[in-house]
Amino acid sequence: MKKQFYLDESDKFKNIFETPKDYFEDFPQRMSKRMEKSKSKPIGVWSLSPKYALVIASIVVLLVVGGIFFLPSTTQKTSEIGLSVQEINEYLLKDNIQEYELVDFYLEADLIEEEAEENVLEQEILEEELDIEEIEELL
Amino acid sequence: MTQEQSQAIPKQAIPLRREEKEKKTSNLIGLEDKEIIGRFRNEETRNYAFNLLVRKYQERLYHHIRKMVIDHDDSDDLLQEVFIKAWKGLENFREESQLFTWLYRIASNECLTFLEKKKRKFFLPIYDVKKELSAKLNSYVANKSMHFSGEEIEVKLQKALLNLPDKQRLVFNMKYFDDMTYEEMSSVLGTSVGALKASYHHAVKKIEEQLSHES
């Protein structure tokens, strides 16, 4: 059975924390030295309170990170599909695509583009050469 | 003082002079707060008055802080911060409140801010900071530190206190260990006397329950 414990106000427990020897004899002197030091400290950016220093540091970091990510890069070349050359190279290496396959792919792509361009041209020529009335008559 | 002069002083005279000095200092420490504040407001005696203030209150404030943060080095840092804030604010100190309750208020706020920062710094819940403080107590006991003296039950009491919310711990310490009146505590913490009485009563109940459970 547990024993009920009561805090006896008339017979209190003592404070158990102690200090190093001569702590209170030396403290006023240490305090005076610290006060002197803080008085002679020059006022500068580094004397800002940690709170303000942190805010300023955060703004600087955000500006730097923003600059890196959002401004157009002048050093890194990107393809028309928005991928960098390095990214494309990595992709090709990973997927083990051979050079001839690439050549075929681009040739095919070019041919499709050329055909598309030709179609557009033919359409334009047709529109220029033929009068709408003529077309209507033909139809 | 030259070596010859030093030799000329009788051996008993040195401890006597030290005693006299200590007596003089303790008399000055006994100065009324009003007198200390008066001297502080005078540019010429400011440093001297502040030194007296430090000597007068350092011990009480140190133990008040130490009971809250447990670690000696942390207590030392916080005590210095308290006196720096006192130096900055003493000139505008309104004598409506007692100097010692004003200093206690600064010290209490420093402790609460310190503990709060500790929690936020390590992104830990309250439990872990208490665990850390409890571990510090254990290390004092295990290493038989000279910064600590206590019997088993007293260590248990300190550990039980760590389970109280920080502000309730302050209330308990001020009432139980520092023998402060509820009115003084109200001036320090800005809480009503009734609320403080209730808080202390609950703290005592919680501690008694925990210590009964452990015994």
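In chain B, 60% of the contacts with a separation of 6 or more join residues 24 or more positions apart. The model is a predicted one. Chain B holds 11 helices and 0 strands, and 26% of its 215 residues are buried.

**Make-up of the chains**

- The elements of chain B, taken from the N terminus on, run α-α-α-α-α-α-α-α-α-α-α.
- Chain A has 5 helices and 0 strands, in the pattern α-α-α-α-α along the sequence.
- Of the 139 residues in chain A, 2% count as buried, while in chain B the figure is 26% of 215 residues.

**Nonpolar core**

- The largest nonpolar core comprises 40 residues.
- Leu61(B), Ile65(B), Val82(B) and Leu103(B) are the residues with the most contacts inside this core.
- Helix 4 of chain B (residues 46–69) provides the largest share of the core, 10 residues.
- Leaving aside residues up to four places away in sequence, Ile65(B) touches Ser75(B), Leu78(B), Leu79(B), Ala107(B) and Cys111(B).

**Packing of helix 6 and helix 10 in chain B**

- Helix 6 (residues 99–121) of chain B packs against helix 10 (residues 182–189) of chain B at an angle of about 55 degrees, and the two axes are 8 Å apart.
- Because of that angle, helix 6 of chain B is oblique to helix 10 of chain B.
- The crossing of helix 6 of chain B with helix 10 of chain B is right-handed.
- From helix 6 of chain B, the residues in this contact are Thr101(B), Tyr104(B), Arg105(B) and Ser108(B).
- Their counterparts in helix 10 of chain B are Glu184(B), Ser187(B), Val188(B) and Leu189(B).
- Sorted by class, the contact between helix 6 of chain B and helix 10 of chain B has 3 nonpolar, 3 polar and 2 charged residues.

**Contact between chain A and chain B**

- Chain B contributes 31 residues to the contact, and chain A contributes 22 residues.
- On the side of chain B that touches chain A, at least two residues each come from helix 4, helix 5 (72–90), helix 8 (152–161), helix 9 (166–177) and helix 11 (193–214) of chain B.
- Helix 4 of chain B supplies the largest share of that side, 9 residues.
- The side of chain B that touches chain A consists of 13 nonpolar, 12 polar and 6 charged residues.

Technical notes
Residues numbered from 1 in each chain as written. Chains lettered and ligands numbered in written order. Predicted model: local features only at pLDDT ≥ 70, side-chain atom pairs only at ≥ 80, totals over all residues. Axes fitted to C-alpha atoms, helices over the stretch in contact; angles between N-to-C directions. Helix = DSSP H or I, 4+ residues; strand = E, 2+ residues; numbered from the N terminus. Parallel < 35°, antiparallel > 145°, perpendicular 65-115°, else oblique. Left-handed = near helix turned anticlockwise from the far one by under 90°. Contact = placed C-beta atoms within 7 Å. Nonpolar A, V, L, I, M, F, W, Y, C, P; charged D, E, K, R; others polar. Buried ≥ 20, exposed ≤ 12 C-beta atoms within 10 Å, placed from the backbone. Core = buried A, V, L, I, M, F, W, Y, C linked by C-beta atoms within 7 Å.
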